[in-house]
Amino acid sequence: MLNKRTTEVYALGQHISMSAHKARRVIDQIRGRSYEETLMILELMPYRACYPIFKLVYSAAANASSNMGSNEANLVISKAEVNKGTIMKRLKPRARGRSFAIQKPTCHITIVMKDISLDEYIDTDSIAWSQKKKKDTTMSYYDMYSNGGTWDKK
């Protein structure tokens with residue numbers, strides 16, 4: 001029987017203080033690219049959104065090498081998405097005791113990386129046959145009369 005193996009790892013950054021529109025401008029450039037190419041692109045782009053995305057890509061690669069033992073050269077960004085987060089509402093003091101509302105948007109960024117060297121499906125029958133153990137058939141003798149039995153209590 002074929003079972004699906006997890007070949008994907010992800011990193012999630014929540015409540016990053018920038019608008020989702022500005023982060024999407026960078027995410028659209030790196031989607032579908034390899035890990036090493038992505039790092040070069042993010043280092044050279046002049047946008048403020050590049051630094052938190054760089055940290056997330058680096059974190060997803062560290063998750064892949066830690067959890068699956070995969071090499072960074074085999075990683076590809078399979079999915080990258082940006083969602084709107086909560087909006088922080090602040091007040092700015094203005095003239096004559098008035099205040100002006102300021103909205104500070106946040107976003108949630110998800111980076112999913114896939115290891116292209118691993119097979120997506122695994123044959124569980126061959127693993128089951130190789131890992132079968134022999135059952136332990138030793139029997140132990142239990143003598144209920146040696147400890148007095150349950151009916152000798154007064």
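**Close-up views of a predicted model**

**View A. Surroundings of D115.** The side chains of D115 and S117 make a polar contact at 2.9 Å (a pair of N or O atoms within 3.5 Å; within protein, one must be able to donate a hydrogen and the other to accept it, and residues adjacent in sequence count only if both atoms are side-chain atoms). The model is predicted: local features need pLDDT of at least 70, side-chain atom pairs count only at pLDDT 80 or more, and totals for chains, interfaces and linings use all residues. Residues are numbered from 1 along each chain as its sequence is written, and side-chain values use heavy atoms, with hydrogens and water left out. D115 counts as buried because its relative accessibility is 2% (buried means under 20% relative accessible area, with a 1.4 Å probe and protein chains only). Apart from neighbours within four places in sequence, D115 is in contact with T7, M68, S70, N74 and L75 (contact means heavy atoms within 4.5 Å). D115 is found in strand 4 (strands are DSSP runs of E, at least two residues; helices are runs of H or I, at least four; both are numbered from the N terminus).

View B. Three strands form an open antiparallel sheet in the order 2-4-3 (strands pair if DSSP finds at least two bridges between them). Strand 2 (8-16) and strand 3 (75-93) are the edge strands, each pairing on one side only.

**View C. Pairing of strands 2 and 4.** Strand 2 pairs with strand 4 (residues 99-115) in the antiparallel sense over seven bridges. The bridge partner of V9 in strand 4 is M113.

Definitions and conventions:
Buried means under 20% relative accessible area, exposed over 50%, partly exposed in between (1.4 Å probe, protein chains only).
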